Amino acid sequence: MTSPTFKQLTDYFIAAGANDVAHTKKSYIAHAIGVHNDLRAWDCSDELCRAAMFHSIYGTELFQDFTLPLEKRDEVAELIGERAERLAFWNCFMDRSTLDACAKRGTPPFIIRNRVTGEEAELSTEDFDDLCRIHLCDWLEQVARADHWDYRREAYRNMAERLGGIALESYDRVFASEPAV
(Lines give C-alpha, C1' and ligand atoms only; values in the text may rest on other atoms or scores of the structure.)
Protein backbone atom coordinates (compact mmCIF):
# COMPACT_ATOMS: atom_id res chain seq x y z
CA MET A 1 0.00 0.00 0.00
CA THR A 2 1.26 3.44 -0.89
CA SER A 3 0.72 5.82 2.02
CA PRO A 4 -1.86 8.46 1.19
CA THR A 5 -0.95 12.10 1.47
CA PHE A 6 -2.47 14.22 4.20
CA LYS A 7 -4.39 16.06 1.47
CA GLN A 8 -5.89 12.77 0.26
CA LEU A 9 -7.09 12.05 3.79
CA THR A 10 -8.69 15.46 4.22
CA ASP A 11 -10.12 15.34 0.69
CA TYR A 12 -11.89 12.11 1.66
CA PHE A 13 -13.56 13.84 4.61
CA ILE A 14 -14.61 16.73 2.40
CA ALA A 15 -15.96 14.46 -0.36
CA ALA A 16 -17.91 12.45 2.24
CA GLY A 17 -19.53 15.65 3.52
CA ALA A 18 -17.86 15.52 6.93
CA ASN A 19 -16.07 18.86 6.78
CA ASP A 20 -18.94 21.09 7.95
CA VAL A 21 -20.19 18.86 10.77
CA ALA A 22 -19.89 20.39 14.25
CA HIS A 23 -17.90 18.60 16.93
CA THR A 24 -17.09 19.93 20.42
CA LYS A 25 -17.11 23.61 19.49
CA LYS A 26 -15.12 23.15 16.28
CA SER A 27 -15.61 21.21 13.07
CA TYR A 28 -15.48 17.43 12.91
CA ILE A 29 -12.65 17.53 10.37
CA ALA A 30 -10.67 19.91 12.62
CA HIS A 31 -11.11 17.50 15.54
CA ALA A 32 -10.05 14.53 13.38
CA ILE A 33 -6.98 16.44 12.19
CA GLY A 34 -6.23 17.37 15.81
CA VAL A 35 -6.26 13.73 16.93
CA HIS A 36 -4.08 12.80 13.93
CA ASN A 37 -1.60 15.58 14.69
CA ASP A 38 -1.50 14.82 18.42
CA LEU A 39 -0.59 11.19 17.74
CA ARG A 40 2.00 12.39 15.24
CA ALA A 41 3.46 14.48 18.10
CA TRP A 42 3.48 11.31 20.21
CA ASP A 43 5.76 9.87 17.50
CA CYS A 44 3.25 7.21 16.44
CA SER A 45 3.43 5.40 13.11
CA ASP A 46 1.81 6.78 9.96
CA GLU A 47 -0.62 3.86 10.11
CA LEU A 48 -1.74 4.74 13.63
CA CYS A 49 -2.05 8.43 12.75
CA ARG A 50 -4.30 7.52 9.79
CA ALA A 51 -6.44 5.37 12.11
CA ALA A 52 -6.61 8.30 14.53
CA MET A 53 -7.81 10.67 11.83
CA PHE A 54 -10.61 8.23 10.95
CA HIS A 55 -11.28 7.28 14.59
CA SER A 56 -14.97 8.25 14.48
CA ILE A 57 -15.74 8.06 10.75
CA TYR A 58 -18.61 5.57 11.32
CA GLY A 59 -19.89 7.40 14.40
CA THR A 60 -19.27 6.37 18.01
CA GLU A 61 -21.21 5.66 21.15
CA LEU A 62 -21.50 9.44 21.73
CA PHE A 63 -20.82 11.04 18.34
CA GLN A 64 -23.52 10.33 15.75
CA ASP A 65 -23.52 13.65 13.88
CA PHE A 66 -21.63 12.04 11.01
CA THR A 67 -21.69 8.34 10.22
CA LEU A 68 -20.13 6.97 7.06
CA PRO A 69 -22.08 3.88 5.94
CA LEU A 70 -20.40 0.56 6.73
CA GLU A 71 -20.62 -0.29 3.05
CA LYS A 72 -17.67 2.11 2.69
CA ARG A 73 -15.34 0.06 4.93
CA ASP A 74 -13.45 -1.41 1.97
CA GLU A 75 -13.04 2.06 0.47
CA VAL A 76 -11.68 3.41 3.77
CA ALA A 77 -9.36 0.39 4.15
CA GLU A 78 -8.07 0.99 0.63
CA LEU A 79 -7.26 4.58 1.58
CA ILE A 80 -5.80 4.22 5.10
CA GLY A 81 -4.83 0.52 5.25
CA GLU A 82 -6.61 -2.54 6.62
CA ARG A 83 -5.21 -2.40 10.16
CA ALA A 84 -5.81 1.35 10.44
CA GLU A 85 -9.41 0.88 9.27
CA ARG A 86 -9.93 -2.01 11.71
CA LEU A 87 -8.70 0.14 14.62
CA ALA A 88 -10.94 3.01 13.51
CA PHE A 89 -13.88 0.60 13.19
CA TRP A 90 -13.40 -0.75 16.71
CA ASN A 91 -13.06 2.75 18.12
CA CYS A 92 -16.39 3.57 16.49
CA PHE A 93 -18.29 0.42 17.40
CA MET A 94 -16.85 -0.75 20.71
CA ASP A 95 -18.92 -0.84 23.83
CA ARG A 96 -16.70 1.53 25.79
CA SER A 97 -17.36 -0.32 29.04
CA THR A 98 -15.50 -3.33 27.60
CA LEU A 99 -12.46 -1.17 26.75
CA ASP A 100 -12.60 0.35 30.22
CA ALA A 101 -12.73 -3.08 31.89
CA CYS A 102 -9.75 -4.31 29.86
CA ALA A 103 -7.75 -1.17 30.67
CA LYS A 104 -8.53 -1.58 34.36
CA ARG A 105 -7.57 -5.28 34.36
CA GLY A 106 -4.45 -4.55 32.30
CA THR A 107 -3.77 -8.11 31.19
CA PRO A 108 -4.98 -10.24 28.27
CA PRO A 109 -7.34 -11.37 27.03
CA PHE A 110 -8.43 -7.99 25.65
CA ILE A 111 -12.00 -8.68 24.55
CA ILE A 112 -13.97 -5.78 23.10
CA ARG A 113 -17.71 -6.02 22.40
CA ASN A 114 -19.41 -4.40 19.41
CA ARG A 115 -22.05 -2.06 20.89
CA VAL A 116 -24.42 -2.68 17.95
CA THR A 117 -24.13 -6.40 17.16
CA GLY A 118 -22.88 -7.75 20.50
CA GLU A 119 -20.05 -9.51 18.64
CA GLU A 120 -16.87 -9.87 20.66
CA ALA A 121 -13.33 -9.65 19.32
CA GLU A 122 -10.11 -10.51 21.10
CA LEU A 123 -7.48 -7.91 20.34
CA SER A 124 -3.76 -8.54 20.38
CA THR A 125 -1.82 -6.56 22.96
CA GLU A 126 -0.48 -4.33 20.16
CA ASP A 127 -3.97 -3.63 18.79
CA PHE A 128 -5.35 -3.04 22.28
CA ASP A 129 -2.57 -0.59 23.12
CA ASP A 130 -3.04 1.24 19.82
CA LEU A 131 -6.81 1.40 20.36
CA CYS A 132 -6.09 2.88 23.81
CA ARG A 133 -3.74 5.44 22.20
CA ILE A 134 -6.40 6.52 19.71
CA HIS A 135 -9.19 6.59 22.26
CA LEU A 136 -7.17 8.46 24.90
CA CYS A 137 -5.81 10.98 22.42
CA ASP A 138 -9.32 11.56 21.05
CA TRP A 139 -10.58 12.52 24.51
CA LEU A 140 -7.53 14.59 25.42
CA GLU A 141 -7.96 16.60 22.21
CA GLN A 142 -11.53 17.60 23.13
CA VAL A 143 -12.09 17.36 26.90
CA ALA A 144 -11.42 21.04 27.58
CA ARG A 145 -13.93 22.10 24.90
CA ALA A 146 -16.45 19.47 25.98
CA ASP A 147 -16.02 20.49 29.63
CA HIS A 148 -16.86 16.96 30.85
CA TRP A 149 -13.76 16.42 32.96
CA ASP A 150 -15.17 13.52 34.97
CA TYR A 151 -16.46 11.50 32.02
CA ARG A 152 -14.80 8.05 32.34
CA ARG A 153 -11.89 9.73 34.06
CA GLU A 154 -10.65 6.57 35.79
CA ALA A 155 -10.70 4.65 32.50
CA TYR A 156 -8.72 7.34 30.71
CA ARG A 157 -6.24 7.45 33.60
CA ASN A 158 -5.86 3.65 33.38
CA MET A 159 -5.15 3.91 29.64
CA ALA A 160 -2.60 6.70 30.21
CA GLU A 161 -0.83 4.74 32.93
CA ARG A 162 -0.80 1.59 30.80
CA LEU A 163 0.77 3.44 27.88
CA GLY A 164 3.10 5.57 30.01
CA GLY A 165 5.57 8.03 28.51
CA ILE A 166 4.07 10.79 26.40
CA ALA A 167 0.52 9.43 26.81
CA LEU A 168 0.72 9.79 30.59
CA GLU A 169 2.48 13.15 30.31
CA SER A 170 -0.25 14.38 27.94
CA TYR A 171 -3.00 13.13 30.25
CA ASP A 172 -1.41 14.90 33.23
CA ARG A 173 -0.87 18.13 31.25
CA VAL A 174 -4.42 18.25 29.88
CA PHE A 175 -6.09 17.42 33.19
CA ALA A 176 -3.90 19.94 35.01
CA SER A 177 -5.74 22.59 33.01
CA GLU A 178 -9.12 21.58 34.47
CA PRO A 179 -10.84 24.68 35.85
CA ALA A 180 -11.18 24.82 39.63
CA VAL A 181 -14.70 24.23 40.82
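Which residues does tryptophan 42 touch, not counting residues up to four places away in sequence? The first of the following legends, all of which refer to a predicted model, takes up this question.

**View 1. Tryptophan 42 in the loop between helices H2 and H3.** Tryptophan 42 is placed in the loop that lies between helix H2 (28–41) and helix H3 (46–53). Its contacts, once residues up to four places away in sequence are not counted, are Arg133, Leu136, Cys137, Leu140, Ile166, Ala167 and Ser170. With a relative accessible area of 12%, tryptophan 42 is classed as buried, because buried means under 20%. Valine 76 stands 34 residues from tryptophan 42 along the chain, and the C-alpha atoms of the two are separated by 24 Å.

**View 2. The largest cavity and its lining.** The count of cavities of 30 Å³ or more comes to 1, and the space in the largest cavity is about 30 Å³. Its lining is made up of Arg86, Leu87, Trp90, Leu123, Asp127 and Leu131, which by class gives 4 nonpolar, no polar and 2 charged residues. Helix H5 (82–93) and helix H7 (125–146) each supply at least two residues of this lining, and H5 gives the most, with 3 residues.

**View 3. Phenylalanine 89 in helix H5.** Phenylalanine 89, which has its place in helix H5, has a relative accessibility of 8% and therefore counts as buried, the limit being under 20%. Leaving aside neighbours within four places in sequence, phenylalanine 89 is in contact with Tyr58, Leu70, Arg73 and Asn114. Isoleucine 57 and phenylalanine 89 are 32 residues apart along the chain, while their C-alpha atoms are separated by 8.1 Å.

**View 4. The packing of helices H6 and H7.** Helix H6 (residues 96–105) packs with H7 at an angle of about 115 degrees, the two axes being 12 Å apart, and the crossing of H6 and H7 is left-handed. On the side of H6 the contact is made by Arg96, Leu99, Cys102 and Ala103, and on the side of H7 by Phe128, Leu131, Cys132 and His135. Divided by class, the residues of this contact are 6 nonpolar, 1 polar and 1 charged. Leu131 of H7, named here in the contact with H6, is also one of the residues that line the largest cavity.

View 5. Proline 108 and proline 109 are joined by a cis peptide bond, for which omega is about 5 degrees. Proline 109 belongs to the loop between H6 and strand E3 (110–113).

**View 6. Glutamine 142 in helix H7.** Glutamine 142 lies in helix H7 and, at a relative accessible area of 8%, is buried, because the class takes in values under 20%. When neighbours within four places in sequence are left aside, the residues in contact with glutamine 142 are His23, Thr24 and His31.

View 7. Within helix H8 (residues 153–163), the buried residues are Ala155, Tyr156, Asn158, Met159, Ala160 and Leu163. These buried residues of H8 pack against H6, H7 and helix H9 (165–176).

Key: Residues are numbered from 1 along each chain as its sequence is written. This is a predicted model: local features need pLDDT of at least 70, side-chain atom pairs count only at pLDDT 80 or more; totals for chains, interfaces and linings use all residues. Side-chain values use heavy atoms; hydrogens and water are left out. On a 1 Å grid over the protein atoms alone, a cavity is a set of points where a 1.4 Å probe fits but cannot get out, and a pocket is an open set with protein on both sides within 12 Å along at least five of seven lines; lining residues have an atom within 4 Å of a point. Grid points are joined across faces, edges and corners, and a volume is the space filled by probe spheres set on the points. Helices (H or I, at least four residues) and strands (E, at least two) are DSSP runs, numbered from the N terminus. Ala, Val, Leu, Ile, Met, Phe, Trp, Tyr, Cys and Pro count as nonpolar, Asp, Glu, Lys and Arg as charged, and the others, Gly among them, as polar. Axes are lines fitted to C-alpha atoms, for helices over the stretch in contact, and angles run from 0 to 180 degrees between N-to-C directions. A crossing is left-handed if the near helix is turned anticlockwise from the far one by less than a right angle, and right-handed if clockwise. Contact means heavy atoms within 4.5 Å. Buried means under 20% relative accessible area, exposed over 50%, partly exposed in between (1.4 Å probe, protein chains only).
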